[in-house]
Amino acid sequence: MIALIQRVTQAKVEVDNQIVGEIGQGLLVLLGVQKEDDKTKADRLIEKVLNYRVFGDEEGKMNLNVQQINGQVLVVSQFTLAADTQKGLRPSFSRGAPPALAEELYDYVVQKCGEKIKTSSGQFAADMQVSLTNDGPVTFWLEI
């Protein structure tokens, strides 16, 4: 399971020109689900995302997590994160989870994050437009 997290001052996701998810300061989480992923891996990734220290403390050092700053999380499914790009000029998506599993685990991540912090989400398998203001820029690739 892969999460590309971006520290943001704001982010939103639209489907058909309608905002379906929006946050202020916090983390935009682009989530990629792979074939071998399960709820155990999802729990580990959630724990890492919510506790990853990417926000500045009073000295400007990255010592605070999204929960400590009372931030928010926007989770957006992104199957392209599971792409194999090692060969050729076209990505292979053979490592990606089947849609039913990917949706189940995506919904699980959104639900579990929402139990701990204010969480919004995109719409699984939709054509989404994601807008954000990356704060820093600060972006990290987390993989479980």
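Modeller: Keep in mind that this is a predicted model.

Biologist: How many bridges does β1 make with β8, and in which sense do they pair?

Modeller: β1 and β8 are joined by 11 bridges, again in the antiparallel sense, with A11 placed opposite L132 of β8.

Biologist: And what is the bridge partner of A11 in β2?

Modeller: That partner is I23, and it belongs to a pairing in which β1 and β2 (residues 18-23) run antiparallel with 5 bridges between them. The hairpin of these two strands has 2 residues between them, and D16 takes a positive phi near 50° there.

Biologist: Is β1 mostly covered or mostly open?

Modeller: It is mostly covered, since 11 of the 14 residues of β1 are buried.

Biologist: Switching to α1, which of its residues are buried?

Modeller: In α1, which spans residues 39-51, the buried residues are K41, A42, L45, I46, V49 and L50. Viewed down the helix axis they fall within an arc of 155°, so they line one face of α1.

Biologist: What covers them?

Modeller: The cover includes the strands β1, β3, β6 (72-77) and β8, together with the helix α2 (99-114).

Biologist: Last one, what happens at the start of α1?

Modeller: There, a side-chain oxygen of D38 comes within 3.2 Å of the backbone nitrogen of T40.

Key:
Residues numbered from 1 in each chain as written. Predicted model: local features only at pLDDT ≥ 70, side-chain atom pairs only at ≥ 80, totals over all residues. Heavy atoms only, no water. Helix = DSSP H or I, 4+ residues; strand = E, 2+ residues; numbered from the N terminus. Expected span 1.5 Å × (residues − 1). Buried < 20%, exposed > 50% of the residue type's maximum accessible area, 1.4 Å probe, protein only. Arc of directions from axis to C-beta. Contact = heavy atoms within 4.5 Å. Polar contact = N/O pair within 3.5 Å; in protein donor to acceptor, adjacent residues only side chain to side chain. Pairing = 2+ DSSP bridges.
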